Amino acid sequence: MNRSRTILNRLVSRRTRRGGLIKENGVLNKNFKAQFSTSKIEKSAGVFGNYFSKTSTEKDEDDDDYTIVDPHIHELRTTTIDTAHLQEFISLSQQSIPIKLQEGAKLLGFFKTVFGNRNNIVQIWEWKDFKQRTALFQKLGQNEQWRQFTLKAKPLFTEQISTIIHQYDFWPLRPPKTAGGTYELRTYHLNAGSVPAWQSYWQQGLKYRSQYVHPVGAWYAETGAELDTVYHLWHFSDLDKRRELRNKPWKHPGWGDVVQATVPMIRRHESSILAPV
């Protein structure tokens with residue numbers, strides 16, 4: 001652990017000397033803050049969902065602690081289904097989701113797992129705030145159709161994990177413009193305190209990878225799961241295209257620097273291939 005921390009400190013220090021985005025003591029500098037001084041509204045009617053809005057940030061000039069004001073709450077919900085009932089659960093969900101949407105919920109993504117834990121169903125939801133989420137589930141509890149769904153669905157799954165994930169501001173959600181395709185959800189479990197440094201390097205890394213691969217979104221865990229966990233979601237036309245494109249960024253020298261700097265931050269990571277439902 002001490003050796004990994006020493007390597008990380010050296011990498012961060014080297015990045016700082018090159019005009020990087022974070023100070024050696026981990027405090028965000030002015031260049032880093034400038035990245036988040038403005039934001040914009042983007043909309044898409046892609047298969048991933050109807051997006052969303054981003055509001056301007058707020059900053060107290062006398063306060064060194066800089067907070068990004070994001071009105072949205074994203075929830076990553078992973079449900080592990082009994083193998084024999086996977087399709088039954090999907091069918092029930094397709095019938096029940098419109099009830100939830102009518103009450104004001106927004107579904108960003110609904111996937112089944114192709115590679116990884118094949119019993120997992122993955123959903124990404126968006127909420128205006130926690131009050132909206134709480135009020136909505138209270139209303140659903142009084143909805144007879146929803147109650148019937150839960151009675152049928154609960155015996156079908158063995159585990160359900162809801163994680164509140166915070167979207168990286170430098171990586172706005174970009175739903176694919178075409179239906180279908182393949183998604184890859186990469187999950188990185190980082191060393192404690194590495195999330196800001198990860199963000200710093202991936203601001204550069206995204207510039208290289210997005211030339212070849214469609215970046216859908218990136219988040220880090222805020223609550224409900226292991227902290228210091230980062231999620232990247234990518235879209236490909238198919239798995240053969242994924243295999244072809246993943247090697248393309250290596251032609252850029254800067255991509256190797258990003259990989260070299262971020263690998264020591266990772267304790268473990270996994271990749272799941274997802275198909276939209």
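## Helix α4 and its cap

A polar contact is a pair of N or O atoms within 3.5 Å; within protein, one must be able to donate a hydrogen and the other to accept it, and residues adjacent in sequence count only if both atoms are side-chain atoms. In this predicted model, local features need pLDDT of at least 70, side-chain atom pairs count only at pLDDT 80 or more, and totals for chains, interfaces and linings use all residues. Residues are numbered from 1 along each chain as its sequence is written, and side-chain values use heavy atoms, with hydrogens and water left out.

D129 caps the N-terminal end of α4, with a side-chain oxygen 3.2 Å from the backbone nitrogen of K131. Helices (H or I, at least four residues) and strands (E, at least two) are DSSP runs, numbered from the N terminus.

## The barrel

Eight strands close into a barrel in the order β1-β3-β2-β8-β5-β7-β6-β4, with antiparallel pairing; two strands pair if DSSP finds at least two bridges between them. Strand β2 (residues 106-115) pairs with β3 in the antiparallel sense over six bridges, and K106 stands opposite E126 in β3.

## R77 in strand β1

R77 lies in strand β1 and counts as buried because its relative accessibility is 12%. The side chains of R77 and S162 are joined by a polar contact of 3.0 Å. Apart from neighbours within four places in sequence, the residues in contact (heavy atoms within 4.5 Å) with R77 include K100, R133, F137 and Q160.

## Nonpolar cores

A nonpolar core is a set of buried Ala, Val, Leu, Ile, Met, Phe, Trp, Tyr and Cys residues joined through side-chain atoms within 4.5 Å. The largest has 22 residues, and those with the most contacts inside it are Y168, W171, L190, W198, W202, V230 and W234. The largest share of this core, six residues, comes from α6. A second, separate core of 21 residues includes I73, A105, W125 and L140.

Technical notes:
Buried means under 20% relative accessible area, exposed over 50%, partly exposed in between (1.4 Å probe, protein chains only).
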